[in-house]
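Keep the sequence and the model side by side as you read.

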Amino acid sequence: MDLIDLAIKILIFPGLAFIITILVFAVWFERKMWARVHLRIGPLHVGKYAGSLQLIADFIKFAGKETIIPSKADKLFFQTTPIIAVLVAGLSMAVIPFSENWIVFKFDLGLLFILAVYSLFPIIILLTGWASNNKYSFIGALRAVFQLLAYWVPLGLSMLGVVMISHSLNLVSIVNAQSKFWFILVQPLGFLVCFIAALAESERTPFDIPEAEGEIIWGWITEYTGINFGLFMVANYLRLYISSLIITTLFLGGWLGPRFLPPIAWVIIKSMIVLTAIIIVKTSFPRVRMDQLLRIGWRILIPLAILNVAFTLALIQLVPSIVV
Amino acid sequence: MAILHVSFGPQHPGSGPMRLILDLEGDIVVKAVPDIGYVHRNIEKLGENRSHIQNVPVLERISNIDSFNASLGYLMAIEEIMGITPPPRAQFIRVIMSELNRIMSHLYGLSISFETSGLLAPLYWGIADRELFLDLAEMVTGSRITYTYAMPGGIREDLPNGFKEQAIKTFNYFEKRLDEYYDMIFENKLYQMRLKGVGVLKPDDAIKLGATGPTLRGSGVKVDVRADEPYATYEQIDFKVITENAGDSFARTLVRFNEIKESMSIIRQSLDKLPEGPIRIKAPLRTPEGEAYARVESGRGEIGYYVISDGTDKPYRVKISAPSFRNISVLPHMLKGAHMADVPIILFSTDPWPFDSDR
Amino acid sequence: MIRLGLKNILKPMYLATVHVFKRRFTIKYPYVALKPTERTIGRHIYYPDKCKECGLCTKFCPNQCMELVEYEYQGKKRKGLQIDYGRCMFCNICVFYCPTQALGITNAYEILAYDKESLVYSPLRLSVPPETEKGIKMVSVRFYETRGLTHS
Amino acid sequence: MSLDLENKLAEEIKSHFLEAEVKVQRKSRITVFIGRELMIEIARYLNKKMGFDQVVSVSGVDKIKENAFIIVYHIWSTSKKVLVTLKTQVPRDNPSLPSLIKIFEGVNWHEKETHEMFGIKFEGHPDLGRLLLPEGWDGKFPLRKDFTLTQ
């Protein structure tokens, strides 16, 4: 019985099928919102309503294209990294709760697991850039490694405040701890740092340096074509969406909300709001330069994150009832 | 440290049909060599084989984004050889079209330069608002980009009815928009961080190396053909030559931005002063023997036409001194010592148009 | 150290948000027809009755896309204008120089074809007015007032 | 429109370079025709003493009937707002001319292009390589009058 339950969770909800559905929706939503800020219309033709199935059409197009492998590329890594990237990106989905019971793995160290998964990306990206044997890919990969390593630290530190208040690394208990108030209210600084670091971790403008189009073509995915490119796009969108899910879970009270909607709907609505915020930031700022990025990371975000930890400590000392 | 050679273009989203061969030491450019000629058509030779009137639509294509200015220079040169002056109404309408074209060209160039710095929203806003000016041009000439509107001795057609109202409506809208642009772009902290102090060109170097247009004025040099050597009716119009003193990418971008406002004011004045009268005078088919050098201030800078006529209906020699040709040749100087990430920003702050640098 | 100007960061975000609710510029073209202006340069229209077969248009065409070809018109063999729209760049010089206004310009901008051969318009095909489309009057024929062989 | 400034400048050039044919064409246009030996000297004089600081164009003209090339430099003065057209003639068989790159750095690409299109050698130019023409071009000079376009 448990096995069937697990299989359903992995394959249907919140596993594979759900991820694909939500991805199609999230990408469509992002493109539509993005287009609106740009005064454009966005996807229009595919799908019954306003190009809603555009991503599927795109994916079919990617799948139908020829996969070109550069003759001097490292073939093993060149072909396996897209799949690994998608798998690793999707791995975090396993510990994110969509309601009290809708979670693939109930796991006490969920937050730690997510941070561990995040720390895997630099390695995959470096491998990809190296395997492509292209100068632009390599420059992009190095930039990505610098960036992801620099922003992983403030990301982890900013989550520390939440852990200190909720006394748990388990995402389900973290959400349950927010039943009185959402953590964004007591952790505004932590939320800000986490938001910026999550932007950087998912390589979005203003931190899309590793794939800065005007500068280094597509960065570490320059050499990829066809389905491999499509897989990387899936992985990147998954990372973006998972980032917004994590922010939702940690600071915005996860599935909690008035009863008239099911918990899952609340998670999706909140994550879409976070996604909208990401899109607004993405469209209103230019990308920063590498040295400026590192300066922001090490000199501003990390002190802010530490400040947040100190603030939380003081808060716990002054108002002990805040701790669950 | 080992030097990494990077070929920046021509198949690159941030280069256009040209190439920069960069030598990188770490992240710093130590040497940059522009490589142009990917869209070379030898329009100068084509011009020698076509009659004057046929040359108008051909020469427009050296810079199709700024086509009226591109053809105006040639017409001014052959009109000087013919010894005729177009009637005042035609001259005023030429100024109107020339400034409309400058707005379009600047809007396009600015939009592309925002895109290279990753600021995507104003890219699309600029392109969308440019449509309004394209509509105005279509209303006058029937085409949106390449017009063949100026003819030897004047212009092809008079302004249509309702053009003035439409133009003023557009400008009123767009002046409000420009304030939003300013807040979005030039007041944007990250944009300032990214562009200020990048690709500095000192005034002396700018003159010596032959920079022109907004690139030169961004270095604080007050050179503008419209003011220095007023052609058409620029003498009768009150306008400022926009300059910025910093000489960096930010200053060059800001000069172009402010010139849009100035252009709109020039068109407003021209529409008010527009005299009645003929729009064309008779021009001979054959030009007498002679030569002339005519200069026009186009969106990217000065376009110079050196036309030699040998008494037939075709020019003996047309030499085009193109603005982008001159600005791209200054690029190695600006790129030296810049970060790899700043290369496209510096490149597009000069608003390069490889089609007119290659001709 | 970077000084953070809060206004310089929040204002762009506010402006971006405002634009979500603004009017779009895009015209959904294949679904909605574009409105050509009075002067839009589209396909030519040819009036064989007025044509004197002088060939000025072919002489002045910068791209040599025009040709006088023999064809049968009202039972008689005569010469007429043939235009290759694969080469035409719509500069309108031919219309400008036509001394008898036998050549006019319409604002029918849709001149699409699946192969290059169908872009070559024979004299007979040129003399048929272009179809009017979905409620938009496409055929406003235009000539230039002055005619003949000078730059005037 | 007075031509005082132009006449004064023309007089100044005439007085220093007796061989030069100087003509005031119109407002802010002075034409100077001079032998190629004196090119460097007159360019240096124009730049250093008279404030002509920017070369806006370098053109070659193929006078095939006179068996000569004419090289035309258009030099602009940003302070005086006058354009000098500096012309010189070189024989068609062995066209060569001293480069002005030591005096005006901006002529670099202009001279390179003229070399490519006409085959005129600019002595002392550091890099007279290929600029606009495609790689593998057969070495003809496209803007010479004996190069004809084929349809």
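Start with one bridge: B:Ile21 has B:Val33 of E3(B) as its bridge partner. Before going on, note that this is a predicted model, in which local features need pLDDT of at least 70, side-chain atom pairs count only at pLDDT 80 or more, and totals for chains, interfaces and linings use all residues. Residues are numbered from 1 along each chain as its sequence is written, while chains are lettered from A and ligands numbered from 1 in the order in which they are written.

Elements are named from DSSP runs, numbered from the N terminus: helices are H or I runs of at least four residues, and strands are E runs of at least two. Two strands pair if DSSP finds at least two bridges between them. E2(B) and strand E3 (residues 28-35) of chain B pair over 7 bridges, in the antiparallel sense. These two strands, E2(B) and E3(B), form a hairpin with 2 residues between them. In the turn, B:Gly26 has a positive phi of about 65°. E2 (residues 19-25) of chain B also pairs with strand E1 (residues 3-8) of chain B. That pairing is antiparallel too, over 6 bridges. Here B:Leu4 has B:Leu24 of E2(B) as its bridge partner.

Two residues are in contact if their C-beta atoms, placed from the backbone, lie within 7 Å. A residue is buried if 20 or more other C-beta atoms lie within 10 Å of its own, exposed if 12 or fewer, and partly exposed in between, with C-beta atoms placed from the backbone.

Chain B has another sheet to trace. This open sheet has 3 strands in the order E6-E7-E8 (chain B), with antiparallel pairing. Its edge strands are E6 (289-298) and E8 (315-321) of chain B, and each pairs on one side only. Neighbouring strands of the sheet are turned by 15° against each other on average, direction ignored. E6(B) and strand E7 (residues 301-310) of chain B share 10 bridges in the antiparallel sense. B:Glu297 stands opposite B:Glu302 in E7(B). Helix H3 (residues 67-82) of chain B packs on the sheet, touching E6 and E7 of chain B. The direction of H3 makes about 150° with that of E6(B). Such angles run from 0 to 180 degrees between N-to-C directions; axes are lines fitted to C-alpha atoms, for helices over the stretch in contact.

Turn to chain A. What does chain A contain in helices and strands? There are 14 helices and 0 strands. Chain A has a radius of gyration of 20 Å, which agrees with the value near 20 Å for a compact globule of 324 residues. That radius is taken over C-alpha atoms, and the globule rule is 2.2 Å times the number of residues to the power 0.38. The C-alpha atoms of chain A fill a box of roughly 65 × 45 × 45 Å along the principal axes. Buried residues make up 46% of chain A.

Chain C has 4 helices and 5 strands. Along the sequence, chain C follows the pattern α-β-α-β-β-α-β-β-α. Of its 152 residues, 26% count as buried.

Finally, the interfaces. Which of the 4 touching pairs of chains has the most contacts? The pair is chains B and C. There, 31 residues of chain B are in contact with 27 residues of chain C. On the side of chain B that touches chain C, the largest share, 6 residues, comes from H5(B). That side divides into 14 nonpolar, 7 polar and 10 charged residues. Ala, Val, Leu, Ile, Met, Phe, Trp, Tyr, Cys and Pro count as nonpolar, Asp, Glu, Lys and Arg as charged, and the others, Gly among them, as polar. Chain A and chain D do not touch; their nearest C-alpha atoms are 24 Å apart.
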